[in-house]
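Hi,

Here is the model I said I would pass on.

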Amino acid sequence: MKTITVNGGRPLFGSVFAQGSKNAALPIIFATLITRGVSEVRHLPDIGDVRCALDIIRELGARVTSYGSVAYIDTRSLSFCEPSAEKISKIRASTYLLGSMLSRFGRCRLSAFGGCAFSDRPIDMHIDACLAFGGRIVGNEIITDRLHPADISFKKASVGATINALILAAATDGVSTVRGHAREPHVHALIDFLRSAGAEIKISDELITVRGGELKGGNIAIIGDMIEAGSYLTAGLITGGRVSVIGADREDLSSYLALARELGCEVFERGSIISARATELCRRVSIVAEPYPAFATDLQPIIAPLLAVMSGGEICDRVWTGRYGYLKTLSSFGLSSRIEDGRAIIESSELQPACVVAEDLRGGMAALLCGLCAKGESRIENAEQILRGYENLVYKLRSLGADVSID
Ligand code: EPZ
């Protein structure tokens with residue numbers, strides 16, 4: 001088990017490049033399984049979840065050759081097997097095997113898919129999508145003799161179910177449609193990859209139309225990671241410094257940047273550079289996390305420590321209604337909060353160092369942010385959880401002036 005030790009209380013200054021987006025890279029890696037060719041994926045982040053996804057597709061016969069952040073994924077000769085249950089239970093993105101394995105092999109096991117366990121994470125909409133394309137459930141598998149085009153209308157916006165529907169639609173001969181889809185930037189990134197592999201896809205606010213069929217290898221540069229970018233900007237703000245992030249899309253981060261301004265911070269945007277710094281102004285805010293383009297649920301645990309060191313505020317997560325478990329961990333740092341009517345009320349608090357265990361990816365990062373702010377030595381155990389989503393974490397933080405190490 002890895003532990004991050006941080007001697008906090010030092011303002012962070014400087015610039016970091018945004019890594020490739022975790023949540024864009026993962027669906028693209030699994031989508032290569034429906035292509036018959038060699039895909040080139042650039043700006044692939046070197047993080048735990050991506051390494052696990054690549055291991056899973058290797059088990060199915062994909063040949064992955066990496067040169068730095070560029071991977072060539074050869075999926076010309078795959079053969080069916082049950083990927084390791086242990087790997088599948090590590091990452092949520094293994095749910096994308098439902099669409100990709102059903103398309104490529106005509107079967108996929110309904111496994112115990114993993115990922116952060118901050119809430120119930122149902123897969124009913126993923127299964128509905130598989131059934132709509134001609135899958136049927138037999139025992140603990142979904143199988144099909146032949147997929148057919150489908151018209152899908154989701155009851156709510158789900159990133160994962162939208163991704164599975166797009167993978168199935170792109171792999172199926174004919175025209176399919178998807179309504180009620182998620183609009184996150186990573187959904188658009190997958191569409192760009194599928195287009196590069198030969199699928200014809202039109203997208204509007206209401207409808208995605210896909211003409212699928214035989215796909216060749218695709219070619220894509222992964223977009224900048226908006227959650228990582230928001231995490232580093234917050235690290236600058238919470239330590240009273242100023243961090244710039246290069247290479248994240250300003251539009252993807254617009255709800256985060258609007259919130260930083262509402263809090264009283266100064267935000268600078270120029271070209272592909274975003275930076276932010278705190279000012280004397282400090283306002284209490286209310287945040288509602290909802291599907292894109294609203295404030296991202298994955299940034300709400302990240303922003304909570306910042307609210308605490310400023311004037312406090314409240315957070316209502318409408319995507320994952322129970323996603324406040326991380327606050328118990330943050331209470332060890334002196335962060336005072338309570339849950340009321342499904343909202344987290346964060347009180348203005350003075351943070352002190354603590355030794356905690358990272359329970360999940362973003363909750364772990366929130367603890368690290370507390371450690372960076374609190375004067376003295378903090379330790380975050382089970383740091384693998386954070387490394388699932390953050391590339392070169394310690395190196396990047398040190399380059400900003402943090403006194404941090406990992407062992
Ligand atoms: C993705 O999870 C992300 N994971 C999550 O990021 C992120 O929190 C989430 O989207 C929301 O933005 C990956 O991309 C790998 P959803 P996903 O399906 O796809 C309900 C991180 O920290 N729902 O969009 O699993 C569900 O209960 C991770 O990087 C159903 O009801 O999320 C939730 O309320 C954590 N039935 C809502 O939809 C279903 O079949 C949105 O979930 C599926 C989902």
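Predicted model: local features only at pLDDT ≥ 70, side-chain atom pairs only at ≥ 80, totals over all residues.

E314 stands opposite I345 of β20. Those two sit in an antiparallel pair, β18 (residues 313-317) with β20 (residues 343-346), joined by three bridges. By pairing I mean that DSSP finds at least two bridges between two strands; strands (E, at least two residues) and helices (H or I, at least four residues) are DSSP runs, numbered from the N terminus.

Numbering starts from 1 along each chain as its sequence is written, and side-chain values use heavy atoms, with hydrogens and water left out.

Back to that sheet. It is open, has four strands in the order β17-β18-β20-β19, and its pairing is mixed. β17 (285-289) and β19 (337-340) are the edge strands, each pairing on one side only. On average, neighbouring strands are turned by 20° against each other, direction ignored. Helix α10 (residues 300-309) lies across β17, β18 and β20, at about 170° to β18. Contact here means heavy atoms within 4.5 Å, and angles run from 0 to 180 degrees between N-to-C directions of axes, which are lines fitted to C-alpha atoms (for helices, over the stretch in contact).

In the loop between β17 and α10 you'll find P293.

Now the packing. The largest nonpolar core has 76 residues, and I315, L368 and L393 touch the most other members. Helix α12 (residues 361-373) gives the largest share of this core, nine residues. There is also a second, separate core of 70 residues, with I29, I127, A197 and L215 among them. A core here is a set of buried Ala, Val, Leu, Ile, Met, Phe, Trp, Tyr and Cys residues joined through side-chain atoms within 4.5 Å. Buried is under 20% relative accessible area, exposed is over 50%, and partly exposed is in between (1.4 Å probe, protein chains only). Leaving out residues up to four places away in sequence, the contacts of I315 include I287, I303, L307, Y324 and I346.

The other sheet I looked at is open too, with four strands in the order β9-β10-β12-β11 and mixed pairing. Its edge strands are β9 (151-153) and β11 (200-203), and the twist averages 10° from one strand to the next. β11 and β12 (residues 207-212) run antiparallel and are joined by four bridges, with I201 opposite V210 of β12. Helix α6 (residues 159-171) packs on this sheet, touching β9, β10 (174-179) and β12, and its direction makes about 35° with that of β12.

Then the ligand: 22 residues surround it, and the closest are M125, S158, V159, D298 and V319. I count a residue if one of its heavy atoms lies within 4 Å. For polar contacts with the ligand (N or O atoms within 3.5 Å), a backbone N or O atom of V159 is 2.7 Å from a ligand oxygen atom, and one of M125 is 2.8 Å from a ligand oxygen atom. The side chain of N23 has an N or O atom 3.2 Å from an oxygen atom of the ligand.

One last thing to check: H43, in the loop between β3 (38-42) and α2 (48-59), has a positive phi near 60°.

Cheers

Technical notes. Polar contact = N/O pair within 3.5 Å; in protein donor to acceptor, adjacent residues only side chain to side chain.
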